[in-house]
Amino acid sequence: MCDACVIQSVKERMLSRRSLFKAAAGLAAAGALSAVVAPKPAFAATGANTDMTHTLSPEFPTYGGAPGIAFNKQFDFKANGYNLNELVIGEHSGTHIDAPLHFSENGLSVDAIPVSDLIVPLCVIDVREKAAANADYQVTPDDLKAWTDANGAFPDKACVAMLSGWGDKVATPQFRNADDKGGQHYPGFHIEATKMLLETTNAACIAVDTLSLDHGASADFATHYAWLPAGRYGIECIANLDKVPVTGATLIVGAPKFGGGTGGPARVFAM
């Protein structure tokens, strides 16, 4: 082979190797860059998210019957360039928290409920058939046992919620279900079920889709007086319990941070 041929052959091999190295380096750089700039999801996958809160308006039913909220217009967009309302709100209106202070002398106020007790496993006790047959129905220890037989023990710091179907009645007089003597009739937690949860679980919360933790006809508020002074809290008028599984959801309770408050309207949702 002539000298010129040898020189040309060597050049071609060197160029080929340079191209290979450049291609490999380019791929490595692209891979490193993608690892740096690849977007990460904002949240871990949680499946469906469900709003568990009724819209609070002056028409929403309250235990005492008076409107739970009033909007007093302070500034108007056309006149002032922005809108602003003064709100007058009853603490126990709409979907709301019952803090321990509500039924105890020195219990925790709503602002003092630990955040760790506001992000909790949700356990739904479905008593719709029984409540349809008896408006004064109360969740019993047997109802709780039936749930644990089917689903296992109540999880740590659970919210144990009664699904009575009363949420479907919110826009009707049947939600308060008052009789001609002023009494009210809707389901709640029986004191024996309340004691069972206090004695055998560390549930953080009980919740109802009605106006009261106690059934409407209660004359002594036994569940309130047992549950809240024990340092646990309640949620009343929770919504959409029929749209979440009986177990496996996480409840996020947006408790208001009113200093010294006995409760307050809350934004509650489930993941």
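Let me start with a term: a residue is called buried under 20% relative accessible area, exposed over 50%, and partly exposed in between. What we are looking at is a predicted model.

Take Ile 89 as the case for that term. Its relative accessibility is 39%, so Ile 89 counts as partly exposed. Ile 89 belongs to strand E3, which covers residues 84–89.

Now the aromatic rings. How many aromatic pairs does a search of the whole structure find? The search gives 6. One of them is Phe 60 with Phe 175, an edge-to-face pair with 6.2 Å centre to centre and 65° between the planes. Phe 60 sits in the loop between strand E1 (50–51) and strand E2 (69–75), and Phe 175 in the loop between strand E7 (159–163) and strand E8 (188–189), so this contact ties together parts that are 115 residues apart in sequence.

Phe 154 has 14%, and Phe 154 counts as buried because the limit is under 20%.

There is also a cluster: ring pairs link Tyr 63, Phe 103, Phe 221 and Tyr 225.

Next, charges over rings. Lys 169 lies over the face of Trp 166, 4.7 Å from the ring centre. Arg 232 is placed over the face of Trp 227, at 5.1 Å from the ring centre.

Last, the sheet. In what order do the strands of the open sheet run? The order is E1-E13-E11-E5-E7-E9-E10-E4-E12, which is 9 strands with mixed pairing. At the edges are E1 and strand E12 (263–265), each of which pairs on one side only. For E12, the partner is strand E4, residues 96–98; the two run antiparallel and are joined by 3 bridges. Within that pairing, Asp 98 has Gly 263 in E12 as its bridge partner.

Notes:
Residues are numbered from 1 along each chain as its sequence is written. This is a predicted model: local features need pLDDT of at least 70, side-chain atom pairs count only at pLDDT 80 or more; totals for chains, interfaces and linings use all residues. Side-chain values use heavy atoms; hydrogens and water are left out. Helices (H or I, at least four residues) and strands (E, at least two) are DSSP runs, numbered from the N terminus. Buried means under 20% relative accessible area, exposed over 50%, partly exposed in between (1.4 Å probe, protein chains only). Rings of Phe, Tyr and Trp (its six-membered ring) pair if their centres lie within 6.5 Å; planes under 30 degrees apart count as stacked, over 60 as edge-to-face and the rest as tilted. A charge sits over a ring if NZ of Lys or CZ of Arg is within 6 Å of the ring centre and within 35 degrees of the ring normal. Two strands pair if DSSP finds at least two bridges between them.
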